[in-house]
Amino acid sequence: MKTTKYIMALAAASLMLTSACSDDFLDVKNNTGEPLEEYYTTQEHIDEALVAAYDPLHWPDWGLDQYNALNIDAEVLGDNFWVGGSDKNDMKNWHMLFNFEADAENTYASLWTVDYSGVKRCNDLLKYLGWAVLTDSARVACEYQARALRVYYYNNLWHYFGNIPFFLENLTSPYTAPQLKADEVYENLIVELEQLADDNKLPFRWDDKNCGRISQAMIYMMYAEMVMYQNDQARYPKALEYMKKIINSSDYDLVSDYASIWETAGEWSKEAIWEINYNDANNERGWSSPLAIGGTVMPTLISPNGLKGEGLTQDGWGFLPVRLETLNKFSAGDKRLDATVWDLRDIVEYNNRYQDTHLWLKKYRAQDANNAAAKGDMNLNYNNNLRVYRYAEALLNAAELILPSDPAQAAKWVSLVRERAGLKAVSSVTLDDIINERDLEFMGEGKRYFDLVRTGKAASVLVPDTYGYRTNTWNPTKKYIPIAQAELDSDPALVQNEY
């Protein structure tokens with residue numbers, strides 16, 4: 001059901017929600033002029049710092065001069081969508097990453113700043129907790145949210161860049177930190193996650209008023225995601241244990257109607273383990289203030305240009321058209337097809353753009369109803385939450401993790417997902433079956449590319465197409481994308497990823 005978007009609501013009152021696009025974002029200020037150690041002593045002010053730590057979650061879709069909606073960033077690397085836009089120079093970095101020819105000038109530059117801003121703000125909060133007079137329960141709740149959020153930000157950096165600077169206390173001039181190898185980053189993060197998970201200090205699911213906060217179940221999902229991406233088989237039993245806790249909990253379950261997940265009323269349903277909140281009401285976000293609170297531009301990015309009707313009167317920009325071949329992945333009767341693909345092949349009254357197939361991602365499509373409350377800059381302020389972790393993923397994670405030891409149980413968990421989609425249960429599954437089910441279940445949600453990489457399928461799937469759009473083949477040197485030139489210039493010790 002639709003619930004209060006707590007973090008967004010708190011953000012409206014926060015004193016520290018915007019940051020400049022220069023080194024100023026490294027400085028923390030408060031409006032009173034008090035020294036920090038005197039200001040961050042109360043619950044009210046610690047709450048401000050906590051909201052500030054959450055705030056960079058909302059920035060990637062557009063901010064710091066680049067569009068980087070997280071699901072689009074991942075999907076353009078995969079095999080279900082084209083990049084689209086007006087031409088190959090429209091979001092050139094997406095087109096070059098799609099073709100595995102990115103460079104230091106054409107990469108996900110803003111994600112680096114966004115996620116390190118988040119890391120920095122989490123470190124701030126953890127420092128301030130040492131000065132504050134709080135109840136024990138309040139202190140623990142803030143500490144564990146900040147530590148888990150910090151892992152989340154680093155997890156994004158690790159997935160894309162791999163070999164990254166790593167620090168758990170904020171930097172001083174010249175603001176540089178040792179660049180760790182990807183495996184070293186992973187080991188630091190996974191040990192931290194294990195402690196957070198096993199200490200069990202956060203609610204398994206927050207109440208509706210607090211939706212958007214890091215929960216215990218979200219920590220479990222992040223742990224499984226990282227362990228599986230690393231192929232860390234020694235930790236598979238623990239990841240499976242965490243997935244079973246979610247599956248056996250009464251707090252989460254599949255919703256009966258897959259399509260309902262993507263409606264506004266479907267946000268924070270019983271299937272939602274973690275979503276990033278966006279809200280069109282009381283928005284302050286505008287084209288001149290991209291990091292202010294408000295909605296998301298992602299539906300604008302992925303909707304057709306010039307379409308009038310279908311509940312949409314505002315222009316989309318035509319990114320992420322669905323490939324025609326993607327339709328063939330769905331079996332007859334699979335309810336997920338209609339919920340995932342917005343088929344406009346019989347509608348010609350809009351402006352065709354580059355790679356246009358008249359097939360679009362329906363899950364996050366633009367609809368006037370989703371930004372009706374915005375006060376301005378409408379196409380920047382849709383209220384669509386980004387669905388990050390769902391109960392269906394816990395089931396499919398568990399199926400994959402248990403497959404070698406209990407294939408019958410793996411088939412049962414996969415069957416739950418299939419039956420919700422209107423398909424028959426299965427009595428047995430292979431790893432390929434599970435990966436294919438993930439492809440259909442999470443299409444457009446930013447999971448597919450990473451599944452191909454971690455299972456060793458990327459080199460055989462991500463190959464040149466018959467249209468001449470993708471002309472290069474993925475290889476293991478493409479696992480980590482280039483670090484932006486601006487970052488290399490600011491720290492000569494940084495080593496560029498091989499690409």
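Arg390 is buried, because its relative accessibility is 3%, and buried here means under 20% relative accessible area, with exposed over 50% and partly exposed in between, using a 1.4 Å probe and protein chains only. This is a predicted model: local features need pLDDT of at least 70, side-chain atom pairs count only at pLDDT 80 or more, and totals for chains, interfaces and linings use all residues. Residues are numbered from 1 along each chain as its sequence is written, and side-chain values use heavy atoms, with hydrogens and water left out.

Back to Arg390. What does Arg390 form a salt bridge with? The partner is Glu445, and the closest N and O atoms are 2.9 Å apart. A salt bridge is a side-chain nitrogen of Lys or Arg within 4 Å of a carboxyl oxygen of Asp or Glu. Glu445 lies in the loop between α16 (431–441) and α17 (448–454), and Arg390 in strand β6 (residues 386–390), so the pair ties together parts 55 residues apart in sequence. Helices (H or I, at least four residues) and strands (E, at least two) are DSSP runs, numbered from the N terminus. Glu445 also counts as buried, at a relative accessible area of 8%.

Both residues belong to a network of salt bridges, whose other members include Glu271, Asp334, Arg336, Lys363, Arg418 and Arg420. Glu437 and Glu441 are in that network too, and both are among the buried residues of α16. What do the buried residues of α16 pack against? They pack against α13 (336–340), β6, α14 (391–402), α15 (407–420) and α17, where contact means heavy atoms within 4.5 Å.

Arg438 has its own salt bridge, to Asp451, at 2.7 Å from N to O. That pair links helix α16, which holds Arg438, with helix α17, which holds Asp451, the two residues being 13 apart. Arg438 and Asp451 are both buried.

Elsewhere, Glu194 and Arg235 meet in a salt bridge, 2.7 Å from N to O. Glu194 is in helix α8 (residues 182–199) and Arg235 in the loop between α9 and α10, 41 residues apart. Glu194 is buried at a relative accessible area of 16%, and Arg235 is buried at 15%. The structure holds 35 salt bridges.

Now the rings. A search of the whole structure finds 34 aromatic pairs. Rings of Phe, Tyr and Trp (its six-membered ring) pair if their centres lie within 6.5 Å; planes under 30 degrees apart count as stacked, over 60 as edge-to-face and the rest as tilted.

Tyr108 and Tyr160 make an edge-to-face pair, 5.4 Å centre to centre with 85° between the planes. Tyr108 sits in the loop between α5 (92–98) and α6 (109–128), and Tyr160 in helix α7 (residues 136–161), so the pair ties together parts 52 residues apart in sequence. Both tyrosines, Tyr108 and Tyr160, are buried.

Tyr220 and Tyr242 are a stacked pair, because their ring centres are 4.5 Å apart and their planes are at 5°. Tyr220 is in helix α9 (residues 216–230) and Tyr242 in helix α10 (residues 236–247), 22 residues apart. Tyr220 and Tyr242 are both buried.

Ring pairs also join Tyr108 and Tyr160 with Trp158, Tyr186, Tyr229, Tyr449 and Phe450 in a cluster.

Two arginines lie over rings. Arg323 is over the face of Trp82, at 4.0 Å from the ring centre. The charged end of Arg470 sits over the ring of Phe98, 4.2 Å from its centre. A charge counts as over a ring if NZ of Lys or CZ of Arg is within 6 Å of the ring centre and within 35 degrees of the ring normal.

Next, Thr477. It lies in the loop between α18 (458–461) and α19 (485–490), and at 26% relative accessibility Thr477 counts as partly exposed. Leaving aside neighbours within four places in sequence, Thr477 is in contact with Glu498 and Tyr499. Thr477 and Asn497, 20 residues apart in sequence, are 8.3 Å apart from C-alpha to C-alpha.

Last, the chain as a whole. Its secondary structure comes to 19 helices and six strands. Of the 499 residues, 61% count as buried. Among contacts between residues at least 6 apart in sequence, 71% join residues at least 24 apart. The C-alpha atoms fill a box of roughly 65 × 50 × 45 Å along the principal axes.
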